Amino acid sequence: MNHFNICPSCIHSNSCVLTAQKDKVWSCSEFDEIKPSQTNMNNVQQPERVLELV
Amino acid sequence: MATLTADLKKTTKKVPVRGMMDNVMEQFNSAADHINLHPNIRKILSITNNEIIVNFPVKMDNGEVEIFQGYRVQHNNALGPYKGGLRYHPTVDIDAARALAMWMTWKTSLAGLPYGGGKGGIKIDPSKYSQSELERITRRFTFALADNIGPEHDIPAPDVNTSSQTMAWIADTYMSTRPPAERTANQHVVTGKPDGSGGLEGRDRATGYGVYLSIKFWAEKNEMNLKGKTFIVQGFGNVGYWAAHFLEKDGAKLVGVQDAFGSIQNPKGITVEDLFNYTKINDGSIVDFPNAKTLDKNKFFTLNCDICIPAALGNQITKENAPKIKAKLIAEGANGPTNVEGEKILLERGVTIIPDILCNSGGVVGSYFEWLQNRNGEIWQLDEVMAKLDKKMKESFNKVYDYANNEGVDMRTAAFCIAIQRIEKAYIQRGIFP
């Protein structure tokens, strides 16, 4: 609870000039979530699908 | 005689850090004392009605199964169904959800809506999952919550890391669990849905428009013309941009902006639409906007202006910068931008603060309109939405303004008193079962 903050998962976390208290932010209009990395996306394996008319 | 010796353990007593729940409870207790709230009702409102924790399995893209933990805290429903966001974040826990749910109870009550307060989410880092995994996680969470949510019982909305897409998945999953003839009558189980799936036109600008309206109503009460008045905005996201957009339309002049990337100023004025278009081609950043100068981040709140709109995050106006603030009016677009020490200094200096619980309530009012629209099987036009928002915000603003003047208190204290009194009245009229 006392560690509740959204900064660590924001893409601006390292460069953000809005606050130095990056351990206390629970709401922010500038928050942008870190997008899934390419590595993770590569893990997505969709089964090959073949459509057949029968 | 043997001598027993022992090393003293070098333990230090942990000083508990003030948490979010402490702050919310302090605000509640202060207002409760002011209105002399009935002790029984104080007991009821000091605790949440229901706290639901669900652990649910989801199949991942690689075929493995992962277990997730989700929460929904329902604080109070004396005025109507629980209402509040769902956030997906690694630091979500029941304690945080509790504080935010209580905060929602006051917010919906003050806005005069037929809602109570709730909050919830999943303890998850969404960046680690694919879109299709997030869809399955959302759908399985909805299924796990089952009848603990519902269009007339508990209505979630988007929050941190959840979007209109998340709400569309929840609505679809929930509706799929209903009997066929009832499915379409359950679309309002969530708000914040996409335009084409029951969403409200104008929902994007509702919070910012509400901030602008609060400033306009205050100006009218104080016989001040907004034309030519200068303002600064912290945060150029949905709230900051739309508030600036509507203020500029009324003749006010934007002279300073700060976002996550930096700060800019121009005493002659910054054209809101030009800046907005610039951010679109500059990775969302206001930095190096051609018609403005770069400003030291620590000097932002001390800029010469009539109105200051902190619309980004909490704890921005503190005892350090409050004595140097030039604005006569602070309109809190963000949640909790002014801390206790900062507020005390500003009030002593005669600066008015339109509190967050009132100033940024346009968003939840917009959610209420979406819910009503779905419930009544209607589709509202943009001008209709804005007109209704205007009316609703004016009612709340006038109540707070008049209460503050009549009781000789600041607008934040007035807002909390009104919110709690409305719930108290409902309990007094209904009594306690059995």
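Predicted model: local features only at pLDDT ≥ 70, side-chain atom pairs only at ≥ 80, totals over all residues.
View 1. Helix H3 of chain B covers residues 94-110. Its 17 residues should span 24 Å at 1.5 Å a residue, and this agrees with the 25 Å between its end C-alpha atoms. H3(B) is also largely enclosed by the rest of the structure, because 15 of its 17 residues are buried.

View 2. The largest nonpolar core has 132 residues. Those that touch the most other members are Phe231(B), Val233(B), Ala243(B), Ile309(B) and Ala415(B). H3(B) supplies the largest share of this core, with 10 residues. Domain 1 (43-187) and domain 2 (205-359) of chain B each give the core at least three residues. As a general background, nonpolar side chains in soluble globular proteins tend to be buried together.

**View 3. The surroundings of Val233(B).** Here we zoom in on one of the core residues named above, Val233(B). Which residues is Val233(B) in contact with, leaving aside its neighbours within four places in sequence? They are Gly240(B), Ala243(B), Ala244(B), Leu254(B), Val257(B), Ile309(B) and Ala311(B).

**View 4. Strands E3 and E5 of chain B.** Strand E3 (residues 82-89) and E5(B) run in the parallel sense and are paired over 5 bridges. A handy landmark is Gly84(B), which stands opposite Pro156(B) in E5(B). Is E5(B) buried or exposed? 5 of the 5 residues of this strand (residues 154-158) are buried, so E5(B) is largely enclosed by the rest of the structure.

**View 5. Ser164(B) and its contacts.** Ser164(B) lies in helix H5 of chain B, which covers residues 164-176. It has 19 C-beta neighbours inside 10 Å and therefore counts as partly exposed; a residue needs 20 or more to count as buried. Leaving aside neighbours within four places in sequence, Ser164(B) is in contact with Pro158(B), Gly192(B), Lys193(B), Pro194(B) and Gly199(B). For a sense of scale, Ser164(B) and Ile418(B) are 254 residues apart in sequence and 32 Å apart in space, C-alpha to C-alpha.

**View 6. The two domains of chain B.** Chain B is divided into domain 1 (43-187) and domain 2 (205-359). How far apart do the C-alpha centres of these domains lie? The distance between them is 32 Å.

**View 7. Chain A meeting chain B.** Chain A has 54 residues, of which 28% count as buried. It contains 1 helix and 0 strands. Where the chains meet, 30 residues of chain A are in contact with 37 residues of chain B. On the chain A side, these comprise 14 nonpolar, 12 polar and 4 charged residues.

Technical notes: Residues numbered from 1 in each chain as written. Chains lettered and ligands numbered in written order. Helix = DSSP H or I, 4+ residues; strand = E, 2+ residues; numbered from the N terminus. Expected span 1.5 Å × (residues − 1). Buried ≥ 20, exposed ≤ 12 C-beta atoms within 10 Å, placed from the backbone. Contact = placed C-beta atoms within 7 Å. Nonpolar A, V, L, I, M, F, W, Y, C, P; charged D, E, K, R; others polar. Pairing = 2+ DSSP bridges. Core = buried A, V, L, I, M, F, W, Y, C linked by C-beta atoms within 7 Å. Domains from an automatic or database assignment.
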